[in-house]
Every structure is written in C-alpha cells, then in structure tokens.
Amino acid sequence: MGLRVLVVLLAVMGPLPGAAAEEAPRRWALVVGENQGLSGEERLRFAESDAQRMREVLQEVGTVPPERTMTLLGADAATLREALTRFRTRLAEEASPRDWLLLYVSSHAGDGSLHLRGTELPMRELVDFLKGAPVGVGLLILDSCRSGLATRLKGLKPVAAPVTMEASDLEGRVVISASGADEYAQESDALQGSFFTHHLSVGLRGAADASRDGRVTLEEAYRYAYARTLESTLVSPGGVQRPTFRMDLRGRGELVLSEPQQARGRLTLDVKTPGRWLVVASESGSLVAELEKGEGPTTLAVAPGAYRLLLRADEGYLERSVRVPLNGSVSVGGEPLEQAARLRLARKGGVGASLLLAVGPSLTSGIVAGLSSLAGLDVRLVREGSLFPGVDTSNLGLVVRRGTGSRVDFQQTELELRLGAGPHWKHGSWTFSGALEAGALAVFQSRIPEDEARFGLEPLGLVTGGVRLDVRSRLSMLLSASAGGVMAKRDRGTALVPRASASLMMGFSL
C-alpha cells in the first residue's frame with residue numbers, strides 16, 4: 001500500500017527538480033560575406049551569395065534558427081568588430097556551456113588578415129572571439145585565399161586529411177579553412193559560388209552522409225568538402241586548392257552539423273550505381289547541387305519545388321524533371337531515369353555549354369599595295385562547351401570591312417567568314433581563349449581608274465587569342481587578336497600575304 005501511495009504522489013508532483021531533463025544544446029551562427037577587398041584586388045563575385053547560401057543551409061538542415069543567426073553582408077573591419085562585440089554580449093547573456101557556435105566568413109584575405117572593403121581584420125581576432133565565446137563547441141569556417149594561416153595559430157592541433165574523430169559531450173574549438181596558407185580560394189562561374197562553400201553546403205544537405213543515418217557529422221562534412229574541392233581544382237588555372245583543418249576537441253561521440261531528414265523537402269537519388277549528378281531549380285535555372293554520388297541512394301535536403309535532375313552518361317546527360325512536395329519527399333529510381341530521353345542539354349554537349357553573340361569594330365591589315373589597313377564590323381557567335389578533350393570553345397565569325405586606296409583612288413570591300421576552335425581558361429570574371437581558324441575572304445574592288453571592278457575569293461588561316469571580361473550576368477567585353485595569312489591572287493599567280501587583325505566587342509549571352 002505504501003509503495004502505491006508513493007507512486008501516486010510522484011505522478012501528481014511530477015519529476016523532482018534534480019531529475020529534470022537537461023536542456024538540449026542550442027546552436028548559434030554568425031555568417032559574414034564581403035565581395036570587396038583591398039584597393040587593387042579583383043572584386044569577388046560570390047562571397048556574399050556564398051554567405052547567404054551557408055545561412056540557408058544552417059537554418060534548413062543545421063538546426064540553427066533565424067533568431068540565433070546573425071548575418072553580415074558587405075562590411076569593413078570596424079563593422080565586423082562591432083558585430084563580434086554585440087554577438088559576444090548576447091552569447092554571454094543567453095548561451096550555455098552546452099551550446100555550440102559556428103562562425104562562417106567568405107572574403108578576400110592575405111598575410112594573416114581578412115581584407116574587407118579597403119580595411120584589414122587580423123584572423124587572430126576571429127580565433128580569439130571563438131576561444132572566448134561562452135559555448136562548449138566553436139567552429140570557424142574561413143573561405144578566403146591563404147586562409148590556411150588561421151589554422152597555424154597557437155592552440156590548435158593540425159589534422160591530416162581525411163580527418164577521423166571520436167569526439168554528444170564535446171568541448172573545444174575547430175578551425176576549417178578553404179585553402180592552404182599559400183593557396184587561392186577559387187570561385188566558379190558554373191557553380192555560381194566558391195568551390196569549397198558549394199561542396200560543403202551540398203555535403204551538409206546530405207551528400208556527405210556516408211553512414212546513411214540521416215545526419216551529417218563534422219567528420220563526414222569535412223571529408224566530402226575536402227575531396228570534392230581537391231578534385232574540382234586539379235586542373236584549375238588558380239592551382240590545386242586543399243582545405244585545412246585544425247581542432248582541439250575533448251569528449252566522446254560525434255559533432256552533428258546537419259540533419260537533412262528534418263528538412264521540409266527531401267530528394268532521394270535512389271540509383272545503386274555511382275555517378276555525377278546535377279540538381280537544377282526549374283524556375284530560376286540555378287544549380288542547387290553538383291555531386292559525385294557513391295554506391296547506394298543519397299538523400300538531399302532541398303526546398304519544395306520543381307527540379308531538373310541530370311545524370312552523367314557516356315554520351316552526355318540523362319535528364320528527368322521532378323517536383324519536391326511541401327513537407328514531404330520524392331524518390332527517383334534508376335529504371336525511370338535510364339529510360340528518360342536525352343534532352344536538349346545532351347544535344348548541346350553537356351552542362352556548361354553556352355552561346356555568346358559578340359559585336360564590335362575591327363581593324364585589319366591590308367593585302368594589296370596602297371591599302372595598309374581596313375576598318376569594319378566584326379560579328380561573332382561563340383560557343384563554350386566541350387567538343388572533344390582539350391577543345392571546349394568554338395566560334396563562327398563574319399567580318400565586313402571597307403577601305404580606300406591611298407596611291408591609287410579605288411575602293412575595296414571585304415567579306416570574311418571564318419570558323420575556329422580551341423581551348424579556354426576561366427579565372428574569376430576573366431576568360432582567356434585560343435583558337436585555330438580557317439575560312440574564306442571575298443574581296444570586291446571598285447572605282448578603279450581605267451579598269452573594271454574586280455572580285456576574288458581567297459582562303460585564309462589564322463591563330464587567334466582572346467580575353468573576355470564578364471561585366472554583368474549576361475553582358476561582357478571581348479578583345480580578340482589574330483595573326484596568319486591569306487592566299488591572295490597576284491598578276492603572276494598566288495602568294496601568301498601576312499595578315500593581322502584586332503577586334504573590340506560587346507558580348508551578350510544567349
């Protein structure tokens with residue numbers, strides 16, 4: 001009887017204060033993005049959008065609520081210091097030793113400092129902020145050139161890639177940088193962001209979930225981002241980029257960075273064999289994820305909506321459209337995808353193929369005596385997309401020129417048609433290209449004293465180099481120079497006549 005009375009009393013009174021469930025750890029985030037560096041540094045294109053992408057990932061799958069997230073886009077060193085002070089004050093008032101904090105920064109950097117709108121902030125201040133924060137676990141992620149210097153700061157231990165940890169009850173600090181101490185953190189036009197942040201965010205959305213348990217740990221996220229960043233930059237003009245990792249963690253268990261199974265929308269690539277996939281938002285056309293899927297299914301956390309899925313095949317890409325429901329998931333099996341037709345993308349030569357129409361003035365050396373140069377209009381259609389290994393640019397050009405003889409008063413009109421192909425290299429907003437070109441030159445001569453009008457059709461061959469600067473999303477400027485020869489007709493047969501030309505054009509993406 002006494003035992004029954006005790007049970008009833010405990011049920012009525014509830015748990016004793018000392019036995020109350022311990023409050024779950026909360027997660028905090030400070031996200032910083034700045035495109036502009038010091039005077040003379042090329043303006044970054046995607047640092048601020050990378051910060052927005054990381055904030056979205058943390059809030060969607062990283063269980064960091066908006067009310068505990070501070071975002072700073074476009075700031076100098078003084079503004080960032082003020083934000084760090086305000087965030088430190090709030091953490092002192094609200095955070096607990098069981099919480100964890102993530103600090104993400106994407107900007108220019110060099111010589112151990114962040115370069116922010118013409119000012120510098122030593123990386124040491126970020127590490128000191130992280131060390132002094134009243135939380136159990138602090139994680140600093142730097143996506144900046146030569147940001148590997150931050151992982152050399154005293155108090156953290158180097159970790160060779162790939163990282164392996166045994167670290168629920170964790171305490172300590174972790175610093176991850178997108179590049180080594182002497183390496184560039186590179187951006188990608190195709191990814192519309194930096195290589196490292198793109199691969200890290202895709203990994204947090206589920207691509208890095210090697211254990212298939214619906215959670216992505218720090219170890220899994222770093223392994224995935226390291227391998228994919230290294231692979232993406234192996235042949236990059238900026239050189240190989242190797243993310244670095246240092247930590248001082250104590251405890252047992254795993255540090256879970258994201259939980260993709262908790263997202264409002266989930267997309268499962270339920271194809272057994274490995275392959276390279278692209279997930280593209282149907283409405284905006286933006287690339288959501290580009291990932292190398294391993295054996296077995298992979299689930300990605302994505303926003304509800306329509307998507308195009310592309311799987312790399314021997315002859316191009318297989319494509320299928322899907323719609324991810326609100327608060328639900330969709331699974332794409334192998335059989336329906338294999339039966340899908342090779343659509344427009346495969347016919348155009350795969351992902352990354354683009355067309356550019358360029359128009360502008362041209363100046364060319366003459367091929368007859370008394371006419372040293374001719375001016376005209378250059379119209380060019382440029383396609384960037386793989387044709388075969390080593391050749392990923394082709395162009396079709398039409399040039400109309402006119403000039404008047406200096407010694408003898410005559411008028412010459414030229415119509416030049418040429419076709420070329422060659423490689424191109426991208427570096428930020430700049431694109432450098434080379435090509436071998438061949439074509440035909442139609443020459444019309446009129447107003448010749450005491451003679452009839454003349455016409456000739458002659459073959460030509462040229463070596464062309466060009467540089468393009470992307471000014472806006474669909475607008476660019478192009479400078480092209482060519483050198484070669486024309487097989488021109490002469491009174492005693494034909495002769496190879498040297499020819500050089502240059503064009504300055506405005507380009508429009510189609």
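What follows is a short chat about a helix pair and some salt bridges.

Me: Before we start, what kind of model is this?
Reply: Residues are numbered from 1 along each chain as its sequence is written, and side-chain values use heavy atoms, with hydrogens and water left out. Local features need pLDDT of at least 70, side-chain atom pairs count only at pLDDT 80 or more, and totals for chains, interfaces and linings use all residues, since the model is predicted.

Me: Is H5 roughly parallel or oblique to H6?
Reply: Helix H5 covers residues 195–207 and helix H6 residues 218–232 (helices are DSSP runs of H or I, at least four residues, and strands runs of E, at least two, numbered from the N terminus). Their axes lie 8 Å apart, at an angle of about 140 degrees (lines fitted to C-alpha atoms over the stretch in contact, angles running from 0 to 180 degrees between N-to-C directions). Under 35 degrees counts as roughly parallel, over 145 as roughly antiparallel, 65 to 115 as roughly perpendicular and the rest as oblique. So H5 to H6 is oblique.

Me: Is arginine 223 buried or partly exposed?
Reply: Arginine 223 forms a salt bridge with glutamate 219, the closest N and O atoms being 3.2 Å apart (a side-chain nitrogen of Lys or Arg within 4 Å of a carboxyl oxygen of Asp or Glu). They sit four residues apart in helix H6, so about one helical turn separates them. Buried means under 20% relative accessible area, exposed over 50%, partly exposed in between (1.4 Å probe, protein chains only). Glutamate 219, at 17%, is buried, while arginine 223, at 34%, is partly exposed.

Me: Which strand holds arginine 401?
Reply: Arginine 401 forms a salt bridge with glutamate 414, with closest N and O atoms 3.7 Å apart. The pair links distant parts of the chain, 13 residues apart: glutamate 414 is in strand S25 (residues 411–422), and arginine 401 is in strand S24.

Me: How many salt bridges does the count come to?
Reply: One of them pairs aspartate 470 with arginine 468, at 3.2 Å between the closest N and O atoms. By the rule above, the count comes to 20.
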